[in-house]
Amino acid sequence: MANEHASILFKLYCLTVMTLVAATYTVTLRYTRTVSSQLYFSTTAVCITEIIKLFISIGLLVKETGSVGRMLSSIREHVFGSPKELLKLSVPSVVYGIQNNMAFVALSNLDAAVYQVTYQLKIPCTALCTVLMLNRSLSKLQWFSVFMLCGGVTLVQWKPAEASNIQVEQNPLLGFAAIAIAVLCSGFAGVYFEKVLKSSDTSLWVRNIQMYLSGIAVTLAGVYMTDGAQVIEKGFFYGYTPWVCFVISLASVGGLYTSVVVKYTDNIMKGFSAAAAIILSTIASVILFGLQITVSFATGALLVCVSIYMYGLPKRDTTNLGTESSSKSKEKLLAV
């Protein structure tokens with residue numbers, strides 16, 4: 001499999017970039033949803049993100065195949081010539097579309113810190129989906145590290161919203177409901193996409209093109225059903241500012257790096273990377289939103305780092321322990 005041949009440095013590079021992008025994205029998205037009097041339509045932002053990711057994937061496929069002609073023949077064969085594969089990738093497109101819109105709803109109704117803490121339920125949810133859908137086993141130490149990570153993330157941002165300087169009308173119940181849906185969507189869609197990526201040798205960028213084509217159709221339907229009348233009245237790009245464009249760019253880059261991380265590592269490691277991003281976004285919130293770092297932050301940050309280290313430890317192979325112990329006992333008896 002391709003993921004076995006990826007170097008450790010390349011994996012670390014992808015995880016690091018995804019962590020930095022995720023941290024910046026959360027803080028910037030929260031900023032754009034709270035400071036502007038002309039609030040942009042989140043559905044159009046999600047749609048544009050899918051379009052940008054599609055064009056970037058096409059460009060990377062051109063680089064991979066070596067020419068535009070080979071790229072077109074590859075798309076003709078694997079995308080338009082394989083309706084079953086296109087339909088298969090439409091499943092995570094629909095689910096990711098729901099998840100992205102729920103993230104906007106949640107961050108519009110909850111403080112960024114509360115959102116971050118609650119959203120970490122996606123980590124054990126992803127681990128459970130990995131075990132159920134990929135028939136992959138996790139050691140007791142890895143399960144322990146998963147829940148330690150959740151505890152560490154909770155401590156990292158425990159009661160930081162008390163010092164927030166932002167006052168906007170919010171609906172916490174709606175925000176928590178949106179997070180619950182986003183958590184389920186994140187766990188299922190991520191593991192489903194990982195299963196599709198690793199079950200064949202089809203190019204990652206071809207898979208992305210398949211998914212983003214479906215994603216554009218899904219998000220356009222979301223624009224029409226959710227904000228159709230207002231979009232017609234005010235315009236597709238109503239409320240867009242340079243900061244909104246920056247958020248869309250971050251979402252696009254982050255989505256592409258996420259697919260690379262899923263291809264060459266796994267979804268649980270992606271979750272650990274996101275947890276590291278929380279520490280960075282909290283530090284940024286201290287500077288931008290007046291939040292205060294407490295003792296619980298330092299404790300939680302330590303737990304996050306330890307859990308990441310523990311999860312990365314190699315599993316101990318216990319299949320030969322019995323034979324090794326018996327052979328050692330025989331050697332001792334012979335020595336006697």
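Reader: What should I know before we start?

Author: The model is predicted, so local features need pLDDT of at least 70 and side-chain atom pairs count only at pLDDT 80 or more, while totals for chains, interfaces and linings use all residues. Residues are numbered from 1 along each chain as its sequence is written, and side-chain values use heavy atoms, with hydrogens and water left out.

Reader: How many helices and strands does the protein chain have?

Author: There are 14 helices and zero strands. Helices (H or I, at least four residues) and strands (E, at least two) are DSSP runs, numbered from the N terminus.

Reader: What makes K53 count as buried or exposed?

Author: Buried means under 20% relative accessible area, exposed over 50%, and partly exposed in between (1.4 Å probe, protein chains only). K53 has 8%, so K53 is buried. E50, with 7%, is buried as well.

Reader: What does the salt bridge between E85 and R207 tie together?

Author: In this salt bridge the closest N and O atoms are 2.6 Å apart. E85 lies in helix α5 (residues 83–109) and R207 in helix α10 (residues 204–234), so the pair ties together parts that are 122 residues apart in sequence. R207 has a relative accessibility of 3% and therefore counts as buried, whereas E85, at 23%, is partly exposed.

Reader: Why are α2 and α11 called roughly antiparallel?

Author: Axes are lines fitted to C-alpha atoms, for helices over the stretch in contact, and angles run from 0 to 180 degrees between N-to-C directions. The axes of helix α2 (residues 8–32) and α11 come within 8 Å and cross at roughly 150 degrees. That makes α2 roughly antiparallel to α11, because angles under 35 degrees count as roughly parallel, over 145 as roughly antiparallel, 65 to 115 as roughly perpendicular and the rest as oblique.

Notes. A salt bridge is a side-chain nitrogen of Lys or Arg within 4 Å of a carboxyl oxygen of Asp or Glu.
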